[in-house]
Amino acid sequence: MTIKAKLKAIPSVEKILLQPLFEPIIQDSSRERVALTLRDFFDICRTSIKNDITIDLSIEAISSEIKKIIRKEDSPSLKRVINASGTIIHTNLGRSILPDKAIKAINLAASGAVNLEYDIERGKRGERDSHIENLICRLTGAEAATVVNNNAAAVLITLNSLSKKKEVIVSRGELVEIGGSFRIPDIMKSSNCKMIEVGTTNRTRLSDYEKAISNKTGALLKVHTSNYKIEGFTEITSLKDLSSLSMRLAIPLIEDLGSGAMIDLSTYGIPGEPLIKERLMTGADIVTFSGDKLLGGPQCGIIAGKKELIKKINRNPLKRALRVDKLTIAALEALLMLYLNKDTLKENIPSIRYMTRSEDEVMTIAEKTAHSLKKIFNEKAIISLEKGYSEPGSGALPGQKIPTTLIIIKHKNLSPSSLAKKFRKNNPSIIGRVQKDSFILDPRSVDSFKDLVPSISF
Ligand SMILES: *Cc1c(COP(=O)(O)O)cnc(C)c1O
């Protein structure tokens, strides 16, 4: 057949729609959608035919193709995945997994009307922050607090509210970039503040800050260097020293903590993250931190500190643009309530549970996984266990390593990256990591070994 004849052989959409085989497809979606899908499909067929590619245009083949397209369109793009990457709070995998209580609270807020900005007692308009402000203050010792979309927004609105068109002094050792798009110099610009860098990458002294002070100074900014560590010949100015300077000159001292810890994790064997409460007590006038990093809650940025400063932030028109929705308020309130009972935190907050579960518990999951994988792979792969380390992730506790047991898979025919791809193709996707000549699964942030055993064949 000539190409022209082949093109002519493509049936009409109207004719196809009348076929009995299409009746159930139309019933499941709609006539209009099936027609549209058919039209798009035939367009693709035409291009293929012109390129001399043979296509099966039987009614059975067309119907199965259309069903496949519609099924694909109807499956959500956002899916559950298994995080066996070894990074516990993984930004690309949605950071913290919420506690059950927070999930229940989201469900409740999503499925009905709630008193988000309504004072039930007085029958009048209320405040969105009223549901979480007291809890944050109680847990951090702050005078006042508010919440915005994320910590980047928290830093932005804080700088803009307190130091617009003024100079903000920051150490050259703290000009961080977090996850590609959050860079201190850019945030300064977006906040309409002039950044004054002081000191050097490895050493910044109090006198460096002092020398940079002028009548245009709007704030002193300290940034937690979340994702890197400077070692060797270093000197950083302590918050305490900066605090006396800021008090003497009546210039606000802002600290971006990034993650920040609500409880002292060193009691669980994970030292190193600054305690929010302690930073405020030492003299930060405002601290900002993420809701979905170490805190273990929903994505949001928490701003806590002095009452008059929080008032200024709340009056900023940006607040309306950056405010959080009812689902976030619901989850955050439930999370913060969990922090009131310190003894049960470990069981109730998944991020903390994953970080603090014992090496033995992780090893048991690794052993069970290895056992099942050996059966699946038969002789086609070598599965072994090896001691290794997990990372908290998301810039929490930089350099901190948590001991774990890794499952190492070496396939005889598949390369580590093809093996990784196969595991990703599983439903749900299992996300591990490729390292040298192996594919590696870290069970530390996985609830059950069953999650690590793919149902596909190899
Ligand atoms: C993570 C982080 C941010 C950004 O927080 P998001 O919640 O991701 O917006 C800002 N500053 C520091 C120091 C951080 O660690």
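This tour goes from the whole protein to the ligand and then to the salt bridges.

**Before you start**

The model is predicted: local features need pLDDT of at least 70, side-chain atom pairs count only at pLDDT 80 or more, and totals for chains, interfaces and linings use all residues. Residues are numbered from 1 along each chain as its sequence is written, and side-chain values use heavy atoms, with hydrogens and water left out.

**Stop 1: the whole protein**

Show the cartoon. The protein has 19 helices and 17 strands. These are DSSP runs, numbered from the N terminus: helices are H or I with at least four residues, strands are E with at least two. Along the principal axes, the C-alpha atoms fill a box of roughly 90 × 55 × 45 Å.

The accessible surface is about 23800 Å², and 51% of it belongs to carbon and sulfur atoms. Areas come from the Shrake-Rupley method with a 1.4 Å probe; for residues, only the protein chains shown count as cover. Of the 458 residues, 48% are buried. Buried means under 20% relative accessible area, exposed means over 50%, and partly exposed is in between (1.4 Å probe, protein chains only).

Take the contacts with a separation of 6 or more: 74% join residues 24 or more positions apart. A contact means heavy atoms within 4.5 Å.

**Stop 2: the ligand**

A polar side-chain atom of Arg95 sits 2.8 Å from a ligand oxygen. For Asp256, a polar side-chain atom is 2.6 Å from a ligand nitrogen. For Lys293, the distance from a polar side-chain atom to a ligand oxygen is 2.7 Å. A polar contact is a pair of N or O atoms within 3.5 Å; within protein, one must be able to donate a hydrogen and the other to accept it, and residues adjacent in sequence count only if both atoms are side-chain atoms.

Taken alone, the ligand exposes 380 Å², and the protein buries 94% of that.

**Stop 3: salt bridges**

Side chains of opposite charge can pair when their charged atoms come close. The whole structure has 26 salt bridges. Each is a side-chain nitrogen of Lys or Arg within 4 Å of a carboxyl oxygen of Asp or Glu.

Select Glu197 and Arg172. Their closest N and O atoms are 2.9 Å apart. Glu197 is in strand 8 (residues 194–198), while Arg172 is in the loop between strand 5 (167–171) and strand 6 (177–178), 25 residues apart. Glu197 is partly exposed at 35% relative accessible area. Arg172 is partly exposed too, at 36%.

Next, pick Lys401 and Glu391, a salt bridge at 3.5 Å, N to O. Both lie in the loop between strand 13 (381–390) and strand 14 (402–411), so the pair ties together parts ten residues apart in sequence.

Move to Asp437 and Lys410, with closest N and O atoms 3.8 Å apart. Asp437 is in the loop between strand 16 (433–435) and strand 17 (438–441) and Lys410 is in strand 14, so this pair ties together parts 27 residues apart in sequence.

Finish with Glu117, Arg125, Arg128 and Arg323, which are linked in a network of salt bridges.
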